[in-house]
Amino acid sequence: MTLLQIEDLKCHYITDTGAVKAVDGISFGLERGEILGIVGESGSGKTTIALSIMGVLPANAQCSGTIRYDGTELSSLPEHEKDTFRWNDIAIVFQNSLEVLNPVMTVGMQVCEPMVSHKGLSIREARKKCAELFSRVGLDTVWMDAYPHQLSGGMRQRALLAMALSCGPEVLILDEVTSSLDAFARKELQEMLLDLQGGQGYSMIVISHDITFVSSIASRMIVLYAGKVMETGPTQDVIRSPRHPYTRGLINSTPDIFIYKDMWGIPGESPTGEHHAGCPFGARCTQSIDVCRQVSPQLTACGDGREIACHRGGIATLMAAKSIEFSYHLPDRRSVRAVDGVDLDVGEGEVLAIVGQTGSGKSTLAHVLAGVIHPDSGEVSFMDGKVHGGNNGHGFGGIQIVFQDPFSATSNRFTVLDAVREPLDINDIGNQEEQLDMTKNALELVRLPSSDLFLSKYCSELSGGQRQRVALARAMIMRPKLLIADEITSALDVSTAANTLRLLKGLQNRRGFAMIYISHDLSLTLKIADRIAVMKSGRIVEVGNAHDVMLAPYDEYTKQLVGSRIGFCCHSHHNKKT
Amino acid sequence: MSVEQPVITSAPHPVNIRKMLDGVGNTTSKFTIEGKMAMIGLLIFVMMAIFAPFFAMYPPGKITGESLEPPGSAHLLGTDELGMDIWAQICYGARTSLVIGLAVATIAGFGGGILGILAGYQGGSIDQVLMRVIDVTMSLPSFPLLIVISAFLGPSIFTVIIILVLFSWAKPARIARSQTLAIRSQAYITAARHYGANPWYVIRKHILPEILPILIVSLIGISSYAIIAEAGLAFLGLGDPTSKSWGMMMNYAIRFSAIYFTPYWLWWLIPPLIALIALLLCLAFLSRDLERVLDPKLRALEGVK
Amino acid sequence: MLEKDTREFIARFLITLFVILAINFFLPRMMPGEPFSTTSSSVQGEDVIVLTEEQRMYYRDYYGLDRPVHVQFATYLENLATGDLGKSIYYKMPVREVIGIHLPWTMFIVFSATILSTILGIALGTLSARNRRKRSDRLMMSGLIACAEIPSFLLGLILLLLFSVHLKIFPLAGAVTPFAHYGSLLDQAGDIVYHAFLPVLTLCFAQLTIVYLLTRNTLITVTTKDYIRTARAKGLGEHVVWTRHALRNALLPVVTRTGFAIGMLMGGVVLVESVFSYPGIGMTLQTAVISRDYPLIQGILLVVAVSILLCNLVVDQIYRRLDPRVVV
């Protein structure tokens, strides 16, 4: 049953430069006995939510909306009535700042204070209880008579926790409690909180920018951006398969959730509290459409206990392939089933890696998905239309391919300029000058010189790595929504491959196009892929979140594949004989 | 072949008068009404002092009228016990106050400031010694000592100025020192010195511009203090009898035995009283406004005291 | 072993004391001519002090003017140690006695003014901090600030002229009505208060604004601190938050400032006493200076300086014990 219900909370601060919006219409509920996590970056309004629940916002803050605790409407109560709920029913553990505790009162006194005030205990009884609380949070009771400045940051945080527990509240709000803690202290706190929830039945709201911490204790998670809720849902689901582009970006930016994946930030800056119409994330979103700039999306349920605020219903499916089959016909009337009933889909802005060994059919699948080869059966839909109409490479915002062999991907006789602007030329896009401009831009994207000298070089004069980048530029000039990269680094030597790959991933992150990355190299894909599909003999045997597939596969073949690593790495699960 | 270390000293550029005036104009325009009124008031006093012979109709030291004449057409503010024109005494008294204020402020302010900068920049034993001296100076009870010393050394404007300077150089020195220390620890100073800047460059280019505004504000404070001190000493009878200071006027008035039982105090005692208060209030409001206008810079350096 | 800070403080105290003693000692000896040879000194037509031969002998001996300087200084210190401050020329009594008569009056008005200005300053400052945005507050603040810029003796003079001369409510001079007979202790106390009222008021104004501003600003700063938010969140009630958490932190610097205020007032009390002809140590100093009563001057200077220094020392120690953040 819902213990704490927040409805349409709106808060803004009045400053010298006008009104700054902190929270813009947030609603959520906290069930009894659950731990709810609220994550967001600074400026997203998380602390404001905590303060408004407690009713201790600064004088220049104005709020509207209702806060209901156990049926009682808190926000409209007068101060002295709010005081009866404070600490008794709802307590907050503040972020450990320098002066969060009164510097001229002992820590013990401050912990006892609410007990005396709310529970009517005598000082002696309160001190006894205080000692119990101290030992529960792992503080030596000798610190009861110390002053706040004599405690270290971690100890102060525990004292704050002890203080919050002192009156036995139903709800605990924890505001950024890990920011001053080291790894050990963080782990201890995590265990302590889980124990409090399980053993003592506390309900908690954990507010933090530390997603890792929140995901380790919260059962449900809310993602905030610029004062609005972007996504909610069960923690594991939200982390493993985020539905909102912002959530995905946040997870990609956090190095210790998926530890093998490279860290990439979200391009752009957080909004600074000015008012704009439309979705607050719109400016940084790579899949935004017109309405995103005009109307703010509402939070709507999308199944499995999840909610999302997005006009496109979350990360939209860009390409969906159903029951694809394709066989090669050999001269001696035999046919080889290259693709044997494949279902696959790719979401906007996502990197899907298709991993398999030679002859697994991955390249063929790639060509089918691109529309270059017509499948025997099944269909591929891309955005609105079907793919094998074959014209998805003809214009902007379509599908582009980059091939494995750079020497055959580009013609020897073509100059760099001609090679890169070829697609524009073929489709009659733009005049000479515009094409030249776009070519230069594309070359700059892939970090090749855009000087006239370079433009007039023949492709035969370039190295393999350079030619691969020219091919990439050629693909990028058409601003694809989906890029299919077919083993693009296997013909390059190691450092060129590394540079090319980082370039590609950087482009992908910034431009937000989806990518199907085909490779036989597992470690590589772990670094860049969101999802991995393992292919064997024309079938997809396993598909899912990259880390799950690599680190906890369920399919036999996948396990063998993973086990075949012979790297230097000392992790046991790679060397374990399955 | 030795390699010459390039030393950065920018070519001495002429003090840009235009820029300074612009700066002054810019600053004063941000004043409040009180601030602007204070500036005007101060200017009036300065005019009064400089052009005293023109404002006053009679010389102050000469007996030009009946004794204790009430204010009238001949004597604007009446005359004192000896028959000397009071309005003239007020005008010339402005000279005394302003001269003392200016002299003490400039000498103590700049002298102290320079000492503070040097101590703060050099550090080491010079700094330690200066700190001790400043501490002791500031913990001396100034006014009683002032009375005693001026009593012993005899009254003269010169002596008074010297003593006042000795008592008021410590505060600007301390301020200058702490600001110098704060600036010296900044990374951009380290960078400049790494490039080869000599101490004079650093002081001229970085420290002086930062300190000057604060010093100027404290200058006004020092001149207020000096004016009050001189007036106080004169009031007690320890002032220079030849100087026509307002404090002396009040002293003479008070020592007139029946002063409180006669109406004479109205035109003998009140004018110097009001003149003093007016001048001090002008200085005070001016100082307040200046401080407020220069505030963003002050606030940035305020953490270090 | 005392803390480093305290050691430094005491060192500074001793050095300052020594400087004062040295000035005290050397000043009269720096005057042109022998200090006790002139028997006529026309100081602005004031009393001419004539020293008898006997007196001159006494002083010569007391000051040891015929002995070398360092011996003189030693004698001087020795005399001080035994509490012998010499004999006043003007009053013809031991300096110690003269000071003993007049010092209590000064102490009385200084302490009264300090207490009054502290209480009033804290009250007004608290009020001002709570009513920060209102027009009336801004007026009060400007008024008090303007008041503070007027030197105390001028303010005293205005009060004197207005209330004693013009309105004739308060007396013109003295600590008590001369030759008065009192019916009861209460009457005597009343008379004392009646005479002390204006001087105390004047001295009070001198400190009031500083205390007021300090209280106000400290309170305003304190109310933005995190621990006030914590206290509010604990549901302790506005009153407890204000007193136990806000005031306790804000008043710390104010209370210690009070101690320094005493020191500052002692410095300016001379002028105020002169204005009101109040027979405290200030007026005595003025008389002594005008009549060139060197022993008395030195004695008063010493007493004033030492009491100010003592005050500062006591205040510093109290502050260290009140604020747990300062290591004692």
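Leaving aside neighbours within four places in sequence, Arg127(A) is in contact with Gly108(A) and Cys112(A). This is a predicted model. Arg127(A) sits in helix α4 of chain A, which covers residues 123-137. Arg127(A) counts as buried because it has 20 C-beta neighbours inside 10 Å, and 20 is the number from which a residue is called buried. One of its contacts spans some sequence: Cys112(A) is 15 residues away along the chain. In space, the C-alpha atoms of Arg127(A) and Cys112(A) are 6.3 Å apart.

The largest nonpolar core has 245 residues. The residues with the most contacts inside this core are Ala162(A), Ile147(B), Val148(B), Leu203(C), Leu265(C) and Ile300(C). Its largest share comes from helix α10 of chain B, residues 199-236, with 20 residues. Ala162(A) shows what such contacts look like in chain A. Not counting residues up to four places away in sequence, Ala162(A) touches Val111(A), Leu133(A), Phe134(A), Val137(A) and Leu139(A). A second core is separate and has 73 residues. Among its members are Val380(A), Leu448(A), Ile516(A) and Val534(A).

Chain B can be described as a whole. It has 14 helices and zero strands. Of its 305 residues, 45% are buried. Consider the contacts in chain B with a separation of 6 or more: 71% of them join residues 24 or more positions apart.

Chain A also contains strands. Six of them form an open sheet with mixed pairing, in the order β18-β19-β20-β15-β21-β22. Strands β18 (399-402) and β22 (539-545) stand at the edges. Each has a single partner strand, so one side of each is left without a neighbour in the sheet. On average, neighbouring strands of this sheet are turned by 15 degrees against each other, direction ignored. Within the sheet, β19 (residues 482-486) and β20 (residues 514-519) of chain A pair in the parallel sense over five bridges. Leu483(A) stands opposite Met515(A) in β20(A).

Last, helix α12 of chain A, residues 416-426. Which of its residues are buried? They are Val416(A), Ala419(A), Val420(A), Arg421(A) and Leu424(A). What covers these buried residues includes three helices of chain A: α13 (432-445), α14 (452-455) and α15 (464-476). After α12(A) comes Asp428(A). The phi of Asp428(A) is positive, near 55 degrees.

Technical notes: Residues are numbered from 1 along each chain as its sequence is written. Chains are lettered from A and ligands numbered from 1 in the order in which they are written. This is a predicted model: local features need pLDDT of at least 70, side-chain atom pairs count only at pLDDT 80 or more; totals for chains, interfaces and linings use all residues. A residue is buried if 20 or more other C-beta atoms lie within 10 Å of its own, exposed if 12 or fewer, and partly exposed in between; C-beta atoms are placed from the backbone. Helices (H or I, at least four residues) and strands (E, at least two) are DSSP runs, numbered from the N terminus. Two residues are in contact if their C-beta atoms, placed from the backbone, lie within 7 Å. A nonpolar core is a set of buried Ala, Val, Leu, Ile, Met, Phe, Trp, Tyr and Cys residues joined through C-beta atoms within 7 Å. Two strands pair if DSSP finds at least two bridges between them. Axes are lines fitted to C-alpha atoms, for helices over the stretch in contact, and angles run from 0 to 180 degrees between N-to-C directions.
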